[in-house]
Amino acid sequence: MVNEDGTAVRRIGSKGNGNGQFEYPWGLLLVGDRLYVSDYNLNRVQYFSATTGQYIGQFGSKGNGNGQLSGPEGMSTDGKGNIFVADYSNKRVQVFKEDGTFVQVIQCDSAASDVAVDNEGKIHVIIYDQHHVQVFSPDGKTRLDTYNNPAGNFNDPDGIAIDDEGYIFVSVYNNGTSYLNALCPDRKQVKLISVSNPYGIALDKDGYIYVTDCNDKRITKY
């Protein structure tokens, strides 16, 4: 964990498969005073105190049943006590309560790498190998739309974030040519920001954008 100026504050976890340990941590989600971390290899989500780093609990196990996961990646929340987990290899998003109680499955058309909820409650899911975003109704029962970059298809999109005004940010890694795509709410205009191998995206309350830069081993702030 780091301060806004990038100074390290605290380290959470260690390598392993026990409580509070990780093999391949992927997604991060802050909900109130809880920090949720998905683990791609261990097929689970653990949550910690965001202030102390203390381990609190976990949910998920290897499989394709309700509440089970196969390669969980990005996460999001709707602000109503629901957590959305992109269940990559199971080609779906699963919804849980904040304590890990299973709620429902949102079935996607292929591998789901990240998920974001917009200010209308609609659920946007990155479909990595289909190079587009699927949009579902707030209850997750109806597929409303599919979109990509209006200037051309996304190629291997990884992460997504949506701000309070409806602007959509999608990270794309395209065989060494990587971009952060910024789409207007109407999705008709897009700005491309060159980034080296981006994955996760996060927004803060002041409108700053944080992008993980895997090749350069850093987090870039815009």
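**Strands and sheets in a predicted model**

Good morning. Four bridges join strand β5 to strand β6, residues 82-87, and the two run antiparallel. Please keep in mind throughout that this is a predicted model.

Let me stay with this pair for a moment. Together, β5 and β6 make a hairpin, with four residues between them. In that turn, G79 has a positive phi of about 75 degrees. Across the pair, M75 stands opposite V85 in β6.

Is strand β5 largely enclosed or largely open? Five of the six residues of β5, which covers residues 72-77, are buried, so this strand is largely enclosed by the rest of the structure. Buried here means under 20% relative accessible area.

I turn now to another part of the chain. Here, four strands form an open sheet in the order β1-β2-β3-β4, with antiparallel pairing. At its edges lie β1 (25-31) and β4 (55-59), each of which pairs on one side only. From one strand to the next, the twist averages 20 degrees.

Within this sheet, six bridges connect β2 (residues 34-39) with β3 (residues 44-49) in the antiparallel sense. D39 has R44 in β3 as its bridge partner.

Finally, the annotation. Over residues 56-99, the chain is 50% strand and 0% helix. The C-alpha atoms at the ends of that stretch are 10 Å apart.

Thank you for your attention.

Technical notes:
Residues numbered from 1 in each chain as written. Predicted model: local features only at pLDDT ≥ 70, side-chain atom pairs only at ≥ 80, totals over all residues. Heavy atoms only, no water. Pairing = 2+ DSSP bridges. Axes fitted to C-alpha atoms, helices over the stretch in contact; angles between N-to-C directions. Buried < 20%, exposed > 50% of the residue type's maximum accessible area, 1.4 Å probe, protein only.
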